[in-house]
Amino acid sequence: MENAINNLYGLEDILAGLDFTKNDDLLSYIGHDDRKKLVLIHYGTHDEVEQRLQFILYLKEHLPITDIFHKYVDIEKGYFIIDYSEQTIDISIPKESRHQGWGFLSKNVKLYIISTLINVANIIKTAYKICTVDNFFTPDSFLIRDGKMYLRNIRMLHPGTENQSNSSPSIRMLGWMIIHFISGYYPVKFDLSNKDLMKSNLSYFIPDYAIIDLVLKCLSEEEQPDWDTISLALDTFFRKTRNSTSENTVSFFRGTEGVKDNSWINLDLMSIIPDNDSWSNGKAGYYYCMNMLISTIKHVEHTFTSINSPSVESGLFRGTAGFFLGDTETAEWHMKEYFPAPIAFNIEEGAAGQGLAALLKLKTLNPKVTFSNSVRYADYLLEYQTEDGSWRFNSRKGIFGFTHGVAGVASFLWLFYLHFPEERIKEAAIRTMDYLIMHSHDNNGSINWPVRIDKNVVTPWFDDGATGIALAFIVAYKATMNDLYKKMAEDVLSGIPADYHSNHLCYLNGLAGIGDTYLEAFYTFKNPIWKSRASFIFNQLSHLRCRNESGYYWVVENEQKLRSGLLDGNLGIFYFLYRFVSDGRIPHLFMPE
């Protein structure tokens, strides 16, 4: 009884205000350990509560459900409370499986994942056999406590067996769970409407054709398997995995043979022209991307036109400088007339981004014009550089990444120096690299930085993470041939797992940006490990493509909508894939030709 009272800490006010005209509620409160708790409270008249209690005792004879930790019943009304505050099964799956392919997981982790799916299937099968289910099961219907699985959502279970044959939605959900837990990707990444393409793509990530066939049948509208067939298939998969003689199975990791033909993508480019005019996710980025790739896309016919007059804003991503990168008919005087005074120092919205835009236009502009449009931003940056080699970004110091911080500024200075060697620029850039090195963290031989000096979050992304900072060291090496910069770049990239998986696919905060920078490391350092890593990402992305009536596309994040932008959508993925098959003819997205 004392434990029950302790568990009710923080619930007193909620219990005092129960509306007994309802039946149950999911309620959250702060417990005695100052952590958020979630409970199911069932309440009603005396007879309703007693009937529900008897039903739950019946369920506990057949299903693993959590205990009732508090109840109260008087002659008129009552309630009981069940704890929901434990890990759901998606959260409790070992974290290494979320960023590694199945073939790279240890046998123990594989067996844990398969046994989890077997338990889910058996619980669902039993539930439909012994009671009425008024909804379909989802991963959130289950929880893990002390290594044991429990059925979490008992609100959907009721006395009777009227709907035993109506388990189709739950079977479909189980198919989605198998995809997610074994491939590491959310099912929305795969083309559920195209059986042949989906089967081909799944075969790259799931090394068992019987399981792939099971998944396709689970997701089918016509030929869904029964629960006994599902259990048998999962049990067989468990035994095959347990009896495997090799600890890891990496046979699905293939090279890029057979994909050199560009037509394998067959993307309808016109269908993904964005609505806005920006470079980061609008028309300017689209036209810039097409201008860079057109020489390698033999089957594309497209007429590029000038974009309407821009609004005058600072920076590269959404500013006027980025706008002119996509305008193929820009006259030289336009850059002078429209580039506004910078409002910041960084790439996204500041001087470094505007100067970089001028350099990226180097191939199509007179070098003198490029110099005049970029040197003023270099001068501006040198004027405000602090003694330690950094800058204050929005009144903050200690922002290290490419988009918003020091690495992006350093990249612009080194790129400027590569094309217009000036010793003062080199000296300023060296001070910036010294600042980055001084604030780096050595993590067992790999190097990383937090997103900010006061925010201990480390990411692999190009935006403000490891990949964008690595590019700064790659460019610094190109400009100086200093082996220290080479070592730093390779140590940074080595901190990203070689078999890295992610549901984030775009350029700025996803796999495409990592892959593009791997390629730059390969072409700069001639180390085949970086081509191998780029190949791994290439294969992931090429087996995650979906198809509609217009052509192929990717579900960039976790929602089924077409993101088309260069940095946050399909165009950035498209850029990396075509750069990969171009054999070095296309530059890194943030480097001039």
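## A buried pair and its network

In this predicted model, Arg579 and Asp516 are both buried, and their side chains meet in a salt bridge with an N to O distance of 2.6 Å. Arg579 belongs to helix H21 (residues 570–581) and Asp516 to helix H19 (residues 511–525), so the pair ties together parts that are 63 residues apart in sequence. Through salt bridges that share partners, Arg579 and Asp516 are joined with Lys478 and Glu520 into one network.

Arg172 forms a salt bridge with Glu221, in which the closest N and O atoms lie 3.4 Å apart. Because Arg172 sits in helix H6 (residues 168–183) and Glu221 in the loop between helix H8 (209–218) and helix H9 (227–242), this pair ties together parts that are 49 residues apart in sequence.

Arg172 has a relative accessibility of 17% and therefore counts as buried, the cut-off being under 20%. Glu221, by contrast, is exposed, with a relative accessible area of 63%.

## A partly exposed pair

Glu223 forms a salt bridge with Lys195, the closest N and O atoms being 3.5 Å apart. Glu223 lies in the loop between H8 and H9, while Lys195 is in helix H7 (residues 195–205), so that parts 28 residues apart in sequence are tied together by the pair. Glu223 is partly exposed at a relative accessible area of 40%, and Lys195, at 47% relative accessibility, also counts as partly exposed.

## The whole structure

A search of the whole structure finds 13 salt bridges, among them the pairs Arg579 with Asp516, Arg172 with Glu221 and Glu223 with Lys195.

Terms used:
Residues are numbered from 1 along each chain as its sequence is written. This is a predicted model: local features need pLDDT of at least 70, side-chain atom pairs count only at pLDDT 80 or more; totals for chains, interfaces and linings use all residues. Side-chain values use heavy atoms; hydrogens and water are left out. A salt bridge is a side-chain nitrogen of Lys or Arg within 4 Å of a carboxyl oxygen of Asp or Glu. Helices (H or I, at least four residues) and strands (E, at least two) are DSSP runs, numbered from the N terminus. Buried means under 20% relative accessible area, exposed over 50%, partly exposed in between (1.4 Å probe, protein chains only).
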